[in-house]
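Please consult the sequence and the structure shown below.

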Amino acid sequence: MFRRLPPLVLSEAEIIDLAGRMVERSPGDPGMDNPDVPSGYTFLGQFIDHDITHDPSPLQVQRNDPDALTNFRSPFFDLDSVYGRGPADQPYLYDDHNPGRFLVTSRDGQLDLQRNAQESAIIPDPRNDENLFVTHLQLTLQLFHNKVLDRLPQLRESGEVPEEDDFAAAQRIVRWHYQWVVIHDFLRRVVGEETFADVLHSVPSTGRGRAVERPDLRHYRWRNNPFMPVEFSVAAYRFAHSMVRARYKFNTSVPELPIFTAEPIAESDPLTHLGGARALPPGWQIEWRRSFPLGTDGVGPAPSRAIDPYLAPPLTELPEEAAEGIASLARRNLTRGVSLGLPSGQAVARAMGVQPLADSQLEAPRRGAAPLWYYILRESEVLEGGRRLGPVGGRIVAEVFLGLLAADSSSYLSNDPGWKPTLEGDREGDFTMPDLIRFTGFGLGEV
């Protein structure tokens, strides 16, 4: 996005020093919570990331060349991390006895992803089994597809479904409602109303009698095919790392636990963390009311942590399997940004026509040298109280999201920019992640 800007050069000592200062000192302090973003959206953001990006190259072999990065995931919100290549090419993902439906496992009275004898999930992207929150999001989307497939006869009678085969029709309905959730629920929450309205315009449609959506892309542009900008994938979209809580209450029965522990996963007690890549222990089905605002009586969702330059302590001691060589997530992110030649946050702000934060507000390694990822986190803290992204981070994330959606010839924004969700939601013409969960009926009860 900003190729002409000079790269920021930091020494290893400067990276280590800055990473060491990016640690929460009071992990349980409610004053560092973000009441505007429930904790489930942290992991929805991770799920979305897996849907649009995948670069499996190890950190130590990535070269100082953004063009050398390969995205092994289609850069669209098309749920290829759930659907894979479809039932014809990957039939083992689907139910032979119920054509077009995902095969979901029932074990110990609870639902789980399909797994092999070593308990590895049989899904298109193994990252969607990294922790039990994203595992359950994968499962929820599979169940969402199955439920839409069940609803097709009713939808066909109402004239809402064109003449397509059942799988294609259900897949399109699922994708479009998921895309609406990504843009109008997740993105709107994390960038804030002002930035959202500045990037996505609702304009009258001549002769159609309804408004249509038009994105205003000032910085994210491409010539032939959309690409995944390193400013997004290596900096701006890593904002959610700061939103991770030190511990989570997964359901009524399971005590508050961290996502993972520092010890090797194979040697850890599986009942002491919420890491994935294993069959669900008995009684570990999720209660989504603890993650998303479902409007149920009693327990509500825990908030995410503020978007700021401080990461929960468990993220400073990642297990070797998850972070070979460098255990600190902050250090890994800063190292990756420097190795790929990202410009400073101040330089990007000026290129976007935004007044940069003052050096006194940044506490960077030296004057004018704030790494872009760190700058975006500090910008949120200083300008938005940690509740949403600031003008630099928010604009980058919003433009890439909406640019990718507009570039996808099968998306609702390309096919029907005046489309509104048709499945029932809390508000007519809208559809949120809580609506999607309620539609499936999954994860609503107490465990």
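What percentage of the 447 residues of the protein chain count as buried? The share is 56%, where buried means under 20% relative accessible area, exposed over 50% and partly exposed in between (1.4 Å probe, protein chains only). This is a predicted model, in which local features need pLDDT of at least 70, side-chain atom pairs count only at pLDDT 80 or more, and totals for chains, interfaces and linings use all residues. Residues are numbered from 1 along each chain as its sequence is written, and side-chain values use heavy atoms, with hydrogens and water left out.

The radius of gyration of the protein chain, taken over C-alpha atoms, is 22 Å, which agrees with the value near 22 Å for a compact globule of 447 residues; the globule rule is 2.2 Å times the number of residues to the power 0.38. Along the principal axes, the C-alpha atoms fill a box of roughly 65 × 60 × 45 Å.

Across the whole structure, a search finds 26 aromatic pairs. Rings of Phe, Tyr and Trp (its six-membered ring) pair if their centres lie within 6.5 Å; planes under 30 degrees apart count as stacked, over 60 as edge-to-face and the rest as tilted. Two edge-to-face pairs are listed here.

| Pair | Centre to centre | Between the planes |
|---|---|---|
| Y41 and F292 | 5.0 Å | 75° |
| Y237 and F239 | 5.8 Å | 75° |

Y41 and F292 lie 251 residues apart in the chain, and both are buried. Y237 is buried at 8% relative accessible area, as is F239 at 1%. Y237 and F239 also belong to one aromatic cluster with F77, F186, F232 and F401.

Definitions and conventions: Helices (H or I, at least four residues) and strands (E, at least two) are DSSP runs, numbered from the N terminus.
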